[in-house]
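Please look at the sequence and the structure before going on.

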Amino acid sequence: MKTLSTYLPILDWGRRYNRAQATDDLIAAVIVTIMLIPQSLAYALLAGLPPEIGLYASILPLVAYALFGTSRALAVGPVAVVSLMTASAVGELATQGTPEYLGAAILLAFLSGLILIAMGLFRLGFLANLLSHPVVSGFITASGLLIAASQLKHILGVSASGHTLIEILASLVERIGTANVYAMAVGVPATAFLFFMRARAKPLLRRAGLGPRAADILVKAGPVAAVALTTLAAHQFALGDKGVKLVGHIPSGLPTPTLPSFDPALLRDLLVPALLISVIGFVESVSVAQTLAAKKRQRIAPDQELIGLGAANIASSISGGYPVTGGFARSVVNFDAGAETPAAGAYTAIGIALATLFLTPLIADLPQATLAATIIVAVLSLVDLKALTRVWAYSKSDFAAMAGTILVTLGFGVEPGVLAGVGVSLALHLYRSARPHMAVVGIVPGTEHFRNINRHDVITGDKVLSVRVDESLFFANSRYLEDRLLELVAERPAIEHMVLVCTAVNEIDASALESLEEINRRLGDGGVTFHLSEVKGPVADRLKGTEFLAHLTGSVFLTQYEAFAALDPETAHIAEARRPRKATPGPFWIGPQI
């Protein structure tokens, strides 16, 4: 039962589910449903799909995640970035509005689900760490700008296209003369109203005497109010006859479960986009899930989250939807509304299902400009250009990765942006790992601590050279380690002993072991004894029985102080005789390279 509940978390929290939790979940579900209905329609439009597909992608996926997911507050469904990636991937294979386009989007969701489940079963959640936070932040920022720019055509009432920012803006400028005044009369006020509701409405409602919960519900209902008012206006003034694009007829009823069409050529073409959508969706989802879980001292299981999201995507596919993941804004609303368990998502699915059954005829006259306004307001909250300044101040290399991801995404499209981000992240990781920080260390007078001679007032002596390497040793940095150690010894002709301080070494692979053997041999030929200190248990276990340890010219010391006292007792005695200085705050304790 315990093993089964690992893969079906509902068996764990479901046993303790009570009436109070059900009440909280129902209240949260009502608020999220109000928010999700216009978002589902809008994000389907962004993905180039009929509006009802957004509703379909907000029913069964939520139920599937409630069964398999571990986050108590994550709200799964269509999101802006994944919708954009879907449009980018499927748009290269089929024309929007055709059955082939819809079939490809449904198959994309199925493939994404299979990839996520496979990653979860094989515990590959760590692969998401290949995308650094600056790269993810840069990609989301660039995607937000692309999405907002792509929706301006609906606000202006013009036909425009493009997959990059330059193409979109050029297309808009070319057709600006054909802008529809009536579409702008809908889109511009709707956008302003939604920005006002997001930024200013809640404080005003609180000052008017409303309670926090009531004010929050009214603010979240802003998009619903915009949809209702503009739909009434479009019907009353026959805006469809004046060139304003409307949503049109939306079929009532729930989708019929069916499997997608498995065309081999289409599977091959969608495999890479499905992988990218899976990784980006998982990173976005797990980051918000972990953040919300920490606020209640809960925990999530990243590998099980992969299975939960995979199940949600397969459920989306068989119900005629497209790829889904956990949404940041929607999940925060779910959390703030008091959701206690994943059951809140299942209740939300019921609400969306009822809307699909009974409300779709009422929104046939909904202007697409209103949905575009909903998208623009939602995605611009994801744009964080100030992060560039913060990252620049802290790390120039991370800034380069972030800026590069933004520029490639804006200039070449979504998929090249993701691939560039992954490539830059891996390149930076390999560069840093291949050239690890190494410091010659000396003893702090009056203590048994050793610190960088270039940063602190320490004692070293002439006979012993102690070098600390701040990285695990593997094939990428083994040659650098060898060259650097021999270079340091060559600079100090009086040295008799070399001690490699392994405090930060968590692993030594076969390539690094060969380099250590070569260092030991070459130092021995030069009359210098090679020693190790501070070797961690797992590393020491692997070194036992190796040729390197059998032929080591020196010893392996438990601590660096023992090594220094044994190899240069005179200098160690001098350091011991000096009284310790009073510790002061600053780089001595918190420097990036101590």
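Two strands pair if DSSP finds at least two bridges between them. Helices (H or I, at least four residues) and strands (E, at least two) are DSSP runs, numbered from the N terminus. The model is predicted: local features need pLDDT of at least 70, side-chain atom pairs count only at pLDDT 80 or more, and totals for chains, interfaces and linings use all residues. Residues are numbered from 1 along each chain as its sequence is written, and side-chain values use heavy atoms, with hydrogens and water left out.

**Overall picture**

- The protein has 27 helices and 8 strands.
- Along the principal axes, its C-alpha atoms fill a box of roughly 95 × 60 × 60 Å.
- Of its 594 residues, 52% count as buried, where buried means under 20% relative accessible area, exposed means over 50%, and partly exposed lies in between (1.4 Å probe, protein chains only).
- Contact means heavy atoms within 4.5 Å. Among contacts between residues at least 6 apart in sequence, 80% join residues at least 24 apart.

**The sheet**

- Strands of a sheet pair through backbone hydrogen bonds, either parallel or antiparallel.
- An open sheet is formed by 6 strands in the order 4-3-5-6-7-8, with mixed pairing. Its edge strands are strand 4 (450-452) and strand 8, each of which pairs on one side only.

- Strand 3 (residues 438-443) is largely enclosed by the rest of the structure, because 6 of its 6 residues are buried.
- In a regular strand the side chains alternate between the two faces of the sheet.
- Met 438, Val 440 and Gly 442 point one way from strand 3, while Ala 439, Val 441 and Ile 443 point the other way; all are buried.
- Strand 3 runs antiparallel to strand 5 (residues 464-469), and 3 bridges join the two. Ala 439 has Arg 468 in strand 5 as its bridge partner.
- Strand 3 is also antiparallel to strand 4, again with 3 bridges. Here Ile 443 stands opposite Phe 450 in strand 4.
- The hairpin of strand 3 and strand 4 has 6 residues between the strands, and in this hairpin Gly 446 takes a positive phi near 80 degrees.

- Strand 6 (residues 497-501) and strand 7 run parallel and are joined by 5 bridges. His 497 has Thr 529 in strand 7 as its bridge partner, and Leu 500 stands opposite Leu 532 in strand 7.
- Strand 7 (residues 529-533) has 4 of its 5 residues buried, so it is largely enclosed by the rest of the structure.
- Strand 7 also pairs with strand 8 (residues 556-557) in the parallel sense, over 2 bridges. In that pairing, Ser 533 has Phe 557 in strand 8 as its bridge partner.

- Asn 506 lies in the loop between strand 6 and helix 22. Leaving aside neighbours within four places in sequence, Asn 506 is in contact with Ser 472, Lys 536 and Val 539.
- The C-alpha atoms of Asn 506 and Val 535 are separated by 8.7 Å, although the two residues are 29 residues apart along the chain.
- Ser 478 belongs to helix 21 (residues 475-490). Ser 478 is buried, with a relative accessible area of 7%.
- Beyond neighbours within four places in sequence, Ser 478 is in contact with Ser 511, Ala 512 and Ser 515.

- Two packed helices are described by the angle between their axes and the distance between the axes.
- Axes are lines fitted to C-alpha atoms, for helices over the stretch in contact, and angles run from 0 to 180 degrees between N-to-C directions.
- Helix 3 (residues 19-46) and helix 17 (residues 368-380) pack at an angle of about 95 degrees, with their axes 9 Å apart.
- The two helices are therefore roughly perpendicular to each other. Angles under 35 degrees count as roughly parallel, over 145 as roughly antiparallel, 65 to 115 as roughly perpendicular and the rest as oblique.
- Ser 40 is found in helix 3 and is buried, with a relative accessible area of 0%.
- Not counting residues up to four places away in sequence, Ser 40 touches Pro 51, Gly 54, Leu 55, Ser 58 and Pro 78.
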